[in-house]
Each structure stands twice: as structure tokens, then as C-alpha cells.
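Trainee: I am new to this structure and would like to go through it step by step. Could we begin with the strands?

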Amino acid sequence: GPARRRRGHQGALVQPERATPGIFSDQGELFYPKFTDPQAVKTIEVVDYDEATATARPFKVEFQRGRWVISSQYNYPVEAGEQMVKTAAALVDLHKDLVRSDSVQDHARYGVIDPLDQRAAGLAGRGKRVTLRDARQEVVADYILGKPVEGKSGHRYVRVPGGKRTYAVKTEADPSARFADWVDAGLLRIASGSIRRVTVNNYSIDETVGRLLNAETVVLTQQKDQWKLEGAEKFSVAPVKTLAATLDGLKIADVRPKPPQMAEDLKQGQVRLSFETATALRQRGFFLAPNGRLLAKEGEVVVETADGLVYSLRFGEVVTGAGEGKPAAARGENRYLWATVNFDAARAAKYGGDAAAGERRARDLNARFADWFYVLSDADFQKLRLRRKDVLAAGGK
């Protein structure tokens, strides 16, 4: 420790702090004294290390042309601008509260190995690197956030990239490198109480002849918070309520852009079948039948709401390829989701909803849905794809 006396080069005993600056020389100081304004942050990069696949996944959110986008995911727009400022604000004014170690050997123990460090041996002990930049792309703060400090709640180990010293720092900051945590919940904007009818079309496709196999339809209706299953007196309401709640707060796990021509067509309310469109659809598990109906590899759910909206959610192929994180076997397999909305004034009248609001919302949603193939987590896919046997629990409540 610092109290041990060291022998000077003359053989005389000297106090260590006189010979070298003590290990505690910067304790209590700010990490980045010039970083005072969270609003000045225009780029947030979070790199998390995935031990399962031994890969570092850089995740980057940037302010571009007046809006926040996830630049590491095809510039997907993010509505939660205040989340960026909150994330930046949590990293302002961080103090070097306690110096814990000056040794590189301790980095693994405290979980502060740089996830981007190619030279570091071993998979364990890597931290989460968070880099904040301003509008000129200059770094205003850069941290490696390590493990929580034992016995000191609200503290975690922190190191500055390139530095040896590890500090115990009071901070709740823990920015996520997961797409789903940055995008708005409620992709579909369906309040579960506004759902009037859900039709689950379960089928699979025989691709060689374009025929539907194992087709089964489950129709659910809701009035005054009471659910009914068509064609059954008794059924289990729990999975139905789970389905409604999943629709209400649906979070997407990832996105892929649609080809520009397809996106443009969809904004005009049509899909022209070019070779490019057919290929892009087929790759993701969607098929245009000869009668013009868009079929999906894993069936579809149609949701009608009180203000006359009719959502069609089609479930496609398992998602593979870069940016998926863990290997498919380690987690449920994510799936492609194709979402569209139609507005139907007659339905709004029938259900007594607000037709003008419904029409506006349908326009907004379709403009947003047109650009993207969404990616759905396996857990949400399973909850949405109800089968008749799931709800026909004898005497279920």
C-alpha cells in the first residue's frame, strides 16, 4: 500500500508521496471537468461484450438532420429523444470517488477490460464502453463501466480507456446496447382496451404449390373488457389477455430496411411485384399469391380497433445474419414481422370510435411501417400466435 516506505536510490528512506505522486493523487476529481452540458452530446456509442459469442457489439445513436437515429441499425429513427439526454446526464459530473487499483492485472477482476481490446486474453472481465461525442464528433466523455462495487450500492467500477487506474464511482448509469431498449414500446399504438376483434390465422405454406397447410382460425371479440371466443362457451382468458397486452406494448427487437421501391409503393398503398420485391419478400418468409394476397410463412394476426383501424401482422422467416447477437440456439429465434394498417370508416361507425383520429393514425403508421421489415422476439411471436388449443382450456376462467 501507499504507507509502505520505499528505499531511495541513495539507500536513504524517503516517504513515497515525495518520491512519486501518490496513487490517490486524483481521488475526488471530476473525470471530465469540461463536460457540463448533456444537451451538447450528439452521439452516444455503447459497446457491450457478449461472452457467449466472444464479440463486441457497437451500438450507436446519433443526432442527424434534426432527429435521433440508431446509426448502427440502418439509421432507424428513435422517438425517445429525452432518453438520450437522460443517458448523457447520467454520465455528466462523474467523480473519481475512490481509487481502487493502479494495476492492469486488476482490470479483469473489476470488469473494466475494454470490450474493444483485441489484445486482452480471456473472455471474462470485459466492461461496457460508453463514448459521448459532441456535434463536431469530438469526445466529451469516454468510460469503461465495470462490475458493481461489492457492499456499496449505487457504485460501480469505472476506468478511462487507455488508463491503468480503476475507480469506484457513484453512478446509476448503465446505458443499453440493445435495440429494443432505445425504441418506443408500443410500435403499433394499440391500446388493449380499444381492441374489438382479433382473428388469428394460423397456417403454414407449401411453397412448391403456394397452398396453405394446417390452416386454423381463432376469432376473439372484446366488449366492455369482456372477451369471447367464437364457437366456444368456455375458454381460458389468460392467454387472450396476454395477447392483448403484447399488442399494446409491442417492442421490436431489430429492423431491416425494405428495398426503396417497395417502401415507396407501400406509401402509395400498393405493392408492385418486381423481381426485386419478390426476392426481398421470399428471403424473409413472405409470398404474394396469384390472387394478390400476401401470405406469410408463419401465419398472421388481424386486429380491429374501436376507431376503425384494421392491423395485419404477418409472421415470416427466422432472422439470421449479422447483428443478431447470440446464436439462434441460445435464445428463441427472432422472426420477421410485416405490419400494415387499413382504416375502415364503416367499422369505426359500428364500434362507435373516433373515425377522424383513426384515419390520421392509419396514415401515420403506414408511413412509418412502409420502410421496415420489423424483427420480433420469439417470446412475443409465441404470445401473438394463439392456437385454438391454447385457449380451449376446459372450464377455464
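Trainee: Which residue in β19 is the bridge partner of V302?

Mentor: Please keep in mind that this is a predicted model. Strand β18 covers residues 300-305 and is joined by 5 bridges to strand β19, residues 309-318, the two running antiparallel. Within β19, the bridge partner of V302 is S312.

Trainee: Which strands lie at the edges of the open sheet of 8 strands?

Mentor: The strands of this sheet follow the order β14-β13-β12-β18-β19-β20-β21-β15, with antiparallel pairing. A strand at the edge pairs on one side only, and this holds for β14 (226-229) and β15 (254-257).

Trainee: What angle does the direction of helix α9 make with that of β20?

Mentor: Helix α9, residues 355-369, packs on the sheet and touches β19, β20 (335-343) and β21 (372-376). Its direction and that of β20 make an angle of about 145°.

Trainee: Why are the buried residues of α6 on the same side of the helix?

Mentor: In helix α6, residues 260-267, the buried residues are M262, A263, D265 and L266. They lie on the same side of α6 because the arc they cover around the axis is only 160°.

Trainee: Against which elements do the buried residues of α6 pack?

Mentor: Just after this helix, G269 takes a positive phi of about 80°. As for the packing, the buried residues of α6 lie against α7 (275-283), β20 and β21.

Trainee: Which residues does L247 touch, not counting those up to four places away in sequence?

Mentor: L247 is one of the residues that touch the most other members of the largest nonpolar core, which has 69 residues. Leaving out residues up to four places away in sequence, L247 touches L188, I190, I195, V303, L313 and L384.

Methods
Residues are numbered from 1 along each chain as its sequence is written. This is a predicted model: local features need pLDDT of at least 70, side-chain atom pairs count only at pLDDT 80 or more; totals for chains, interfaces and linings use all residues. Side-chain values use heavy atoms; hydrogens and water are left out. A nonpolar core is a set of buried Ala, Val, Leu, Ile, Met, Phe, Trp, Tyr and Cys residues joined through side-chain atoms within 4.5 Å. Buried means under 20% relative accessible area, exposed over 50%, partly exposed in between (1.4 Å probe, protein chains only). Contact means heavy atoms within 4.5 Å. Two strands pair if DSSP finds at least two bridges between them. Helices (H or I, at least four residues) and strands (E, at least two) are DSSP runs, numbered from the N terminus. Axes are lines fitted to C-alpha atoms, for helices over the stretch in contact, and angles run from 0 to 180 degrees between N-to-C directions. The arc is that of the directions from the helix axis to the C-beta atoms.
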